[in-house]
Structures are given as C-alpha cells and as structure tokens.
Amino acid sequence: MLLAIVAFATYSCAPSSSTVDNSSSATYSSDIKPLEEIEKPSPDPRVGLEAGLFDAEEAIWNLNLLSQTPPPKDFVGVTNSDLAFKDNYAIQGNYNGFMVWDISDPAEPSLVVDFLCPASQSDVSVYGDLLFVSGEGLGGRLDCGTEGVNKAVSEERLRGIRIFDISDIKNPEYISNVQTCRGSHTHSVLDDPKDEENVYVYVSGSAPVRPEEELPGCSSAPPEDDPNSALYRIEVIKVPLDNPEQAAIVNSPRIFENLTEAPTHGLSPADQAKIEKAKEEGAFVADVFGRERIIPDRIIQPMLLNIAKENGREAPTAADSTTLRNNLQDILTERYGSGNDDDEEGDETEERGPNQCHDITLYPEIGLAGGACEGYGLLLDISDPASPKRVDAVADSNFAYWHSATFNNEGDKVLFTDEWGGGGQPKCREDDPYEWGANAIFTIDDNKEMHFQSYFKMPAAQTEQENCVAHNGSLIPVPDRDIMVQSWYQGGISIFDWTDPKNPVEIAFHDRGPVDSTRMQMGGSWSVYWYNGAIVNSEIARGLDIFELEPSPYLTQNEIDAANTIKFDQLNAQGQPKYDWPATFALAKAYVDQLERGRSLSPERLIAIRESISEAEGASGSEQETLLSELADRIEGQAAASEQTAKMKKLTSTLRDLASK
C-alpha cells in the first residue's frame with residue numbers, strides 16, 4: 001500500500017495559537033499571521049498524487065485525518081451521496097440506500113445499519129425521529145426492492161420522498177412516501193418556529209416528468225398551456241409530525257416566473273479539443289442537456305449488450321455498435337430528457353429561464369433561502385413556509401450549473417457553487433479558467449439584493465482523470481469569521497476563509513490521488529460538513545472520512561475550541577442553523593487571537609490582556625467576577641480608538657457575560 005501523508009512541520013508542529021510566556025512580559029512570540037501573509041505549501045502537494053482506490057497517495061495541510069472507513073459490502077462500487085446528522089450518528093446516503101454510522105469515537109466510527117433501498121441519489125435529512133430520503137432513479141421501487149423497475153409505466157415505481165421512523169435508529173422503519181412528478185433529486189427540511197405541528201420539505205426534482213399514466217396530474221406542457229405543468233416549479237410537502245404517513249404536497253410554487261435564459265460560456269478550448277479528438281478516435285459523442293459530451297463506457301457497454309441480446313448474440317458486434325451510434329442521441333434524449341422539457345412539446349420557450357432547482361438551502365432564522373437553480377442563483381423569502389417567494393435572482397456567464405448555496409452566519413453574504421460538468425468531469429485542470437466550476441460570493445443588502453464580490457476555486461491543478469468542480473460543504477462555526485469546508489469531488493476538500501468576500505483565502509485541505517490514473521472513475525468528496533467538532537466527509541467511492549482541525553497561524557486552537565462549543569442534536573445539509581456562541585474563556589481568547597491577527601493592538605497590550613484573562617480563568621467566585629469586569633472596563637475604554645472596534649466590543653461583551661455567570 002502506498003500511502004504518503006504529506007505533512008508540513010512548519011504548520012503541523014506549530015504552537016496551538018499565539019505563544020505568550022506569562023513568566024515574563026518582556027518575552028513575546030506568536031505564530032498568528034494575517035491571512036494576507038499566508039504561507040501555502042509550495043509546491044502544492046496535491047498536484048501529481050499517485051492513484052488508487054483505497055491506497056491512493058494523500059496530501060493534507062492543517063487537518064488531521066482521524067479515520068477512513070470503507071463502505072459495507074452492498075454499497076461498495078455504488079455512489080455515496082449526502083450526509084445528515086442526528087445525535088452521535090452520521091447518516092450517509094448511497095444510490096443503493098443509506099448507512100447509519102455511530103461517530104461517537106470519530107477515530108473508529110462503527111456501522112449501525114446499512115439499509116438497502118435503491119433509488120438514486122438518496123440524499124438524506126432528519127427531523128426528530130423522522131428520516132427523509134430522496135428518490136429519483138427510474139429503478140426505485142415503492143417496496144425498496146433491489147430488482148428495479150423495467151417498465152416505462154409502473155405502479156411499483158418510487159420517485160419522490162421516502163419517510164422513515166428512526167426512533168430506533170438501529171431498525172429504521174419505512175412508514176410513508178410522497179410521489180412527485182419529477183422525483184426528488186434533492187430536498188430541504190424546513191422547521192417553522194411558528195408551527196410546532198408540522199415540518200415542510202422543499203423538493204427539487206430535476207429528472208424528466210413522469211407519464212400521467214404513472215402518476216395522475218403529471219404534465220410536461222408549458223405552464224401557459226397547462227397551469228398544472230410539473231415544470232417551472234418546486235414542490236412543498238407538509239409533514240404532520242404526529243401523523244407523518246399523511247405527508248402530502250401542499251403547494252407547487254412557481255418561483256421562476258419571468259426569468260429569461262441565463263448567459264452561458266460554452267465549452268472550454270480544452271474540452272472542445274477533447275471532444276474533437278474523441279470523435280476522430282471513434283468514441284461515442286452525443287448531446288446531453290444541450291451540450292456535446294463524450295458518453296462513457298459505463299453507459300455505452302450496457303447499451304451495446306442490450307442491442308446484441310436483441311439480435312440474439314451474447315457479445316456486441318460492429319453492426320451493433322453502428323446501430324447504437326445511429327440511435328444514441330434518441331436513446332439518451334428519452335432517458336435523460338433534452339434539458340428543456342418544453343422542447344418535447346415543440347414550445348417556443350428557448351428564452352425561458354430555469355424550470356427546476358438543484359438545491360435550496362434554508363436559513364429559517366433570517367427567513368431566507370438560497371436556491372441554486374440551473375442558470376440562476378435565487379434568494380427566496382421563506383417566512384411563509386408553504387409559499388416561498390423569490391426576492392432576487394442573479395446569473396453569471398461564468399457559471400454553468402448553479403448547484404448549492406451557503407449563507408454566512410449573519411446572513412448578509414451568500415456563496416453559490418457551480419457544478420460545471422455535472423460532477424462527472426474534470427474542471428480543475430491547469431488550463432481550466434479559475435472562474436469556471438468555482439464558487440461565487442455575493443453580499444446581500446438591506447433590500448435583499450445580491451451583489452457579486454469574487455470567485456473562489458480549489459487552487460491545485462487536478463488531472464484529466466479527476467472529476468473536480470465545486471460541491472457541497474458547510475460553515476465551520478469559528479466566531480466572527482466566515483470559514484467554510486467544501487468538497488471538490490476528486491479535488492478533495494478545501495477549507496477557506498471568505499470573511500472578506502472580495503479575497504477568499506484557503507487555509508487547509510486534504511486530497512487523494514485519482515481513483516484510476518488511466519480513466520475517469522467516479523470518486524472524491526461528495527459532501528463534507530462540520531458537526532460538533534468533527535469534519536465528516538462522504539467519499540463517493542471510499543466510504544466515510546472524519547477529520548479534525550489542526551491549529552495553524554491562520555486558525556488558532558482558541559478559535560477551534562470556541563467553534564467546538566457549538567453543539568447540535570441534528571444537522572441537515574440544506575438546513576442552515578444560526579450559530580450563537582456561549583460566553584466561554586475560549587471565545588474570549590479567540591477574539592484576542594483575532595485582534596492580534598488584525599494587528600490592531602500592540603504586543604504589550606496583547607500580553608496584558610492574555611495575562612488578565614488567564615488570571616481570571618484561574619480565579620473563582622467574586623474574585624473572578626471582579627477581574628473580568630475590570631478587564632472589560634479597560635478594553636471598553638480603548639475600543640473606540642481601535643481599528644477593530646466591533647471585535648473589541650465583542651470581547652468586552654464576552655468578558656461581562658463570563659463575569660455574570
């Protein structure tokens with residue numbers, strides 16, 4: 001096994017935060033650095049990693065990999081998808097169903113149950129004792145059977161949301177489902193604080209509309225021809241908590257009204273050259289969702305076998321290959337749609353905007369959601385959970401497919417990801433434009449309008465055999481900073497600071513070499529989230545990774561400790577919680593570290609503050625209260641003159657809260 005963890009002693013062995021010798025105020029040293037002085041590993045160790053499935057070479061910086069656990073037998077070789085969390089459990093979706101991991105010991109997670117129930121892509125969410133699972137694949141069955149559905153119209157098919165009772169998480173009980181016309185590619189669970197009896201599930205279906213013969217009421221006609229069309233809308237499911245088996249669609253809001261076709265950038269020169277070369281070499285090339293693509297062997301070979309069988313042969317011949325080549329476009333259009341369902345009706349809607357969302361990220365505390373919807377990023381008002389309304393929309397010619405959104409904690413910024421290439425193609429090659437397949441960061445003003453600030457993309461060049469574009473991630477609750485961990489498929493995971501929305505900076509990463517160095521094999525990070533101090537990664541091919549943050553000059557131990565005071569009972573990928581840090585000494589020290597990083601206090605002043613906090617932490621009762629109050633008074637008196645007045649006030653507030661405990 002070739003396993004090379006690339007470590008950098010400069011950082012991994014660095015002190016946990018600022019280093020202050022309390023024995024002598026004359027001695028002061030610190031490794032805390034402003035982000036503009038960041039020292040990245042050079043050359044970037046992610047470039048040129050050796051390939052392998054479970055023995056790929058690895059590179060890691062400012063993270064510690066605690067465990068890597070392969071999937072159970074029935075899930076090996078099948079795509080692992082999204083994550084949800086409940087108590088000490090991580091629930092991991094898989095195109096074949098879902099797995100529940102006990103992550104109480106993140107160094108040794110244990111499999112609690114693997115539940116076979118195919119219906120890609122099996123995105124998961126939890127609410128209390130309920131588990132929601134998305135189903136979109138044509139082979140998904142109502143009974144969770146593994147034999148698939150081979151008929152074009154079938155009463156056995158499940159496309160929509162499955163609901164499980166996980167009050168006994170070791171024995172999930174399948175209790176209900178809600179069928180939808182386009183299935184559920186993803187979904188989001190909305191807990192309305194004004195409604196304790198129900199939760200709401202927003203469903204994003206991206207597959208072609210199913211036949212009305214299979215699900216009455218389903219129509220792919222343009223809305224002007226059929227007001228009940230399943231296009232240009234999302235579904236809102238209301239789930240009665242006492243009777244989840246009565247869950248049902250209560251609204252299908254048309255949040256895309258009046259949006260026009262978004263600008264596109266087409267193929268990169270490298271991609272166009274690749275397609276032309278593939279054609280010359282006889283590869284199968286077809287139009288998928290409006291763009292020429294090389295159709296991979298994993299799709300071509302089953303088609304060839306079917307044609308051969310229809311012609312009474314066990315192995316395909318050249319004639320079978322010709323037959324497939326002549327009919328490939330029709331087969332793919334029937335299977336995946338044209339990318340614009342209106343075209344099937346011959347409707348003249350070429351200038352119409354998106355007809356579906358990929359992800360909708362809900363942030364109930366600020367009453368907003370971020371919709372990543374084909375060619376647009378939307379801002380939605382969700383104050384009425386059953387009737388979300390669009391309040392702003394942005395498009396960008398550098399974006400190909402708006403995939404997901406993440407707000408900062410204050411809700412005055414939002415970051416959208418571009419899943420350029422659909423997640424199965426390399427878009428982090430050396431010649432790929434930085435702005436393509438990246439993140440776009442926007443500020444949100446008081447009128448709920450978004451304003452573009454900058455792009456961020458995982459910066460290490462990846463190979464032709466590594467699918468790499470922006471994908472799922474979450475905020476890490478470091479106080480007063482916008483720090484996010486994000487998956488980039490086979491680009492690995494990246495942690496970056498976007499507190500300054502115009503200058504996002506990478507501060508940590510982990511990456512593996514490609515699954516296969518000779519051909520594209522799906523793998524890499526599908527999604528990665530911070531949950532109660534652990535960073536949990538759903539690796540598409542390799543299972544479950546769990547990391548912890550390592551302190552560095554750009555993220556101190558005090559900041560990590562303050563982040564780890566945030567605890568959740570549950571967390572969903574597309575349900576963003578608001579962080580509210582308790583007053584702790586870790587929080588106070590984190591603010592002091594940030595004041596040092598901002599270079600707004602002298603070394604002598606920093607020493608004095610740290611010594612005072614240390615003295616107070618060692619005291620108790622009224623003595624501690626007095627020490628904290630006196631320190632708060634001193635800092636408060638200097639706050640107005642500081643270049644970091646707001647942070648000084650937060651430090652003061654924290655000290656006073658500690659004093660009042």
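## Backbone, charges and cavities

Reader: Gln121 is found in strand 10 (residues 121-127). What is the omega of the peptide bond from Ser120 to Gln121?

Author: Strands (E, at least two residues) and helices (H or I, at least four) are DSSP runs, numbered from the N terminus. Most peptide bonds are trans, and most residues other than glycine have a negative phi. The bond from Ser120 to Gln121 is cis, with omega near 5°.

Reader: Before we go on, what kind of model is this?

Author: Residues are numbered from 1 along each chain as its sequence is written, and side-chain values use heavy atoms, with hydrogens and water left out. Local features need pLDDT of at least 70, side-chain atom pairs count only at pLDDT 80 or more, and totals for chains, interfaces and linings use all residues; this is a predicted model.

Reader: Asn62 has a positive phi although it is not a glycine. Is Asn62 buried or exposed?

Author: The phi of Asn62 is about 65°, and Asn62 is found in the loop between strand 4 and strand 5 (63-69). Buried means under 20% relative accessible area, exposed over 50%, and partly exposed in between (1.4 Å probe, protein chains only). Because its relative accessibility is 6%, Asn62 counts as buried.

Reader: And which class of accessibility does Lys448 count in?

Author: Lys448 lies in the loop between strand 26 and strand 27 (450-456). Its phi is near 60°, a positive value in a residue other than glycine. The relative accessibility of Lys448 is 34%, so Lys448 counts as partly exposed.

Reader: Let's turn to charge pairs. How many salt bridges are there?

Author: Side chains of opposite charge can pair when their charged atoms come close. The rule for a salt bridge asks for a side-chain nitrogen of Lys or Arg within 4 Å of a carboxyl oxygen of Asp or Glu. By this rule the count is 37.

Reader: Asp271 forms a salt bridge with Lys427. How many residues apart are they?

Author: In this pair, the closest N and O atoms are 2.5 Å apart. The bridge links distant parts of the chain, with Asp271 in helix 2 (residues 269-280) and Lys427 in the loop between strand 25 (413-418) and strand 26 (439-444); they are 156 residues apart.

Reader: Why does Arg429, which meets Asp432 in a salt bridge, count as buried?

Author: The side chains of Arg429 and Asp432 come to 2.9 Å, N to O. Asp432 counts as buried because its relative accessibility is 7%. Arg429 counts as buried because its relative accessibility is 10%.

Reader: Which residues have the most contacts inside the largest nonpolar core?

Author: A nonpolar core is a set of buried Ala, Val, Leu, Ile, Met, Phe, Trp, Tyr and Cys residues joined through side-chain atoms within 4.5 Å. The largest core has 83 residues, and those with the most contacts inside it are Leu63, Phe85, Ile103, Ile476, Ile495, Ile535 and Leu655.

Reader: How much space lies in the largest cavity?

Author: On a 1 Å grid over the protein atoms alone, a cavity is a set of points where a 1.4 Å probe fits but cannot get out, and lining residues have an atom within 4 Å of a point. Grid points are joined across faces, edges and corners, and a volume is the space filled by probe spheres set on the points. A search of the whole structure finds three cavities of 30 Å³ or more. The space in the largest is about 250 Å³.

Reader: And which residues are closest to the centre of the second largest cavity?

Author: About 80 Å³ of space lies in the second largest cavity. Of the 14 residues that line it, the closest to its centre are Gly492, Arg512, Gly524, Ser525 and Glu539.

Technical notes: 1 Å grid on protein atoms, 1.4 Å probe; cavity = no way out; pocket = protein on both sides within 12 Å on 5 of 7 lines; lining within 4 Å.
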